[in-house]
Amino acid sequence: MSNMEIAMSYPASKFEADNSLTNPSVLEKYYASADIINGILSMVVSKVAAGISVCDLCQYGDDLINAHTKSKYKSAERGIAIPTCVSVNNLIQYFSPLAENDYSLKPGDVVKIEMGVHIDGYIATAAHTTVVSLNKQQPVTGKAADVIAATHFAYEAAARMLRPGVRASEITRVITEIAAYFRCQPVEGTFSSPMKRFVLRAGKDIENRFIEDLLVQDLDKYDFEVEANQVYQLNIALTTGDGTIKNTEYKPFVYQRDVNKSYQLKMKSARQAYTEINQEHTVFPFATRSLSSNTTRLGVASLLQHELITAYPVMRSKLPSDLVAQFKGTVHVTAEGPVRFTNPLQLPYVHSQYCIPEGTTAFAVLSTPAIKDIRQSKPLPAVEVTFGERHIEVRITIKTSNI
């Protein structure tokens, strides 16, 4: 699809109308997406235990999203906005492996679970960090406790500050301050961003970490005032390491269609993959394990080569001994202040040796009232989803005549 086609089918006036947060229909679809996230993230977290497969956790999360979105707004597009990712220890985001790259959880592992749902393009995302514990009566201590506590407090502080008129640099500064109290660092390349209908990253990012060698002419891009009537995915990631990131040995598992690029594909597997991605995932990120066959997975390399899709690589912190924690949620910035769409889960039982000193900026921010929940989540109906069920090969009919 070309830029011209997008502009004609989705002009600015319709884009503004579809993203008006004063429209009850728009808000209701955000509520519906958030209800699903609020209901199923805890279900996936509850499965975390020693010996459990990361691949099974990811599939379980995706199956739950698909099962719960299938019955809602049947005339509209809906489903996975971010495939379930389960990143362990020093891995940062986007670990959603195929069976051959699977990992079995071990006692002491720090486990970050991230997912996203959309109803008619209106998105809710969330992430939670927990620890694989053999004795839940004993608190987790050491570096795992430090980074989880730091990330939790940084998330709560950033959420309180996410209000009109606050500058992005003020939020970044408090995140960095809290990280330092717990001997941690914000993770390079991680950020929070506003979302719009069908768009996960729809404006200027609030960085978790100050960008080194920032040019004066780029300052407005990174330091701006938060505005009212926006929906943010608030994403905080901290590490016990120095904050720098490295590539892993894994090939990317998560990709996203680039609607601004086109190419006349020649390979059958590439055409099949391209058609399936457009039909099943449209503009949202997808995991390669969700593709219907090995043939379609083979076509991904060609799509990447011709820039029809963008990869989300699995990154890691600098050292294998580093630990990374992540908390993420969806927040509505109103004129009166921030309101939660998605609700935080109960923290794992951790005990850090560090704390936030009284009299500091961070302490003052965290002493303000907690932000409100937008409403009590509606309970989800029962669905038939089996944990541990693998989807190796699913035959579907795909039309390729127009490719």
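Is Ser290 buried, partly exposed or exposed? Keep that one in mind; the tour ends there.

**Before you click**

You're looking at a predicted model, in which local features need pLDDT of at least 70 and side-chain atom pairs count only at pLDDT 80 or more, while totals for chains, interfaces and linings use all residues. Residues are numbered from 1 along each chain as its sequence is written, and side-chain values use heavy atoms, with hydrogens and water left out. Helices (H or I, at least four residues) and strands (E, at least two) are DSSP runs, numbered from the N terminus.

**Stop 1: the helix pair α3 and α4**

Select residues 24-46 for α3 and 54-69 for α4. Their axes (lines fitted to C-alpha atoms over the stretch in contact, with angles from 0 to 180 degrees between N-to-C directions) come within 10 Å and cross at roughly 155°. That makes α3 roughly antiparallel to α4, a label for angles over 145 degrees. Now show side chains: Ile36, Ile40, Met43 and Val44 in α3 meet a set in α4 that includes Leu57, Tyr60, Leu64 and Ile65. Contact here means heavy atoms within 4.5 Å.

**Stop 2**

Next, pick β2 (residues 110-119) and β3, which run antiparallel and are joined by 10 bridges. Strands count as paired if DSSP finds at least two bridges between them. To get your bearings, find Gly116, which stands opposite Thr125 in β3. At the turn, two residues lie between the strands, and Asp120 takes a positive phi near 55°.

Stay with β3 (residues 122-131) and colour by accessibility: 10 of its 10 residues are buried, meaning under 20% relative accessible area with a 1.4 Å probe, protein chains only. In a regular strand the side chains alternate between the two faces of the sheet. On one side of β3 you'll find Tyr122, Ala124, Ala126, His128 and Thr130, on the other Ile123, Thr125, Ala127, Thr129 and Val131, and both faces are covered.

**Stop 3: the three-stranded sheet**

Move on to the open sheet with the order β10-β9-β11 and antiparallel pairing. Its edge strands are β10 and β11, each pairing on one side only. Two bridges join β9 to β10, and Tyr255 stands opposite Phe286 in β10.

Click Ile309 in β11. Ile309 is buried, with a relative accessible area of 3%. Leaving aside neighbours within four places in sequence, the contacts of Ile309 include Tyr255, Ile277, Val300 and Leu303.

**Stop 4: helix α8**

One of those contacts, Ile277, is among the buried residues of α8, as are Ala270, Ala273 and Tyr274. What covers them includes β9, β10, α9, α10 and β11. Try the distance tool on the ends of α8 (residues 268-280): at 1.5 Å a residue, its 13 residues should span 18 Å, and the end C-alpha atoms are 18 Å apart, which agrees. The expected span is 1.5 Å times one less than the number of residues. Thr282 follows α8 and has a positive phi, near 45°.

**Last stop: Ser290**

Find Ser290 in the loop between β10 and α9. Ser290 is partly exposed, with a relative accessible area of 30%; that class lies between buried and exposed, the latter being over 50%. Setting aside neighbours within four places in sequence, Ser290 is in contact with Glu276 and His281. Arg257 is 33 residues from Ser290 in sequence and 14 Å away in space, C-alpha to C-alpha.

Technical notes
Parallel < 35°, antiparallel > 145°, perpendicular 65-115°, else oblique.
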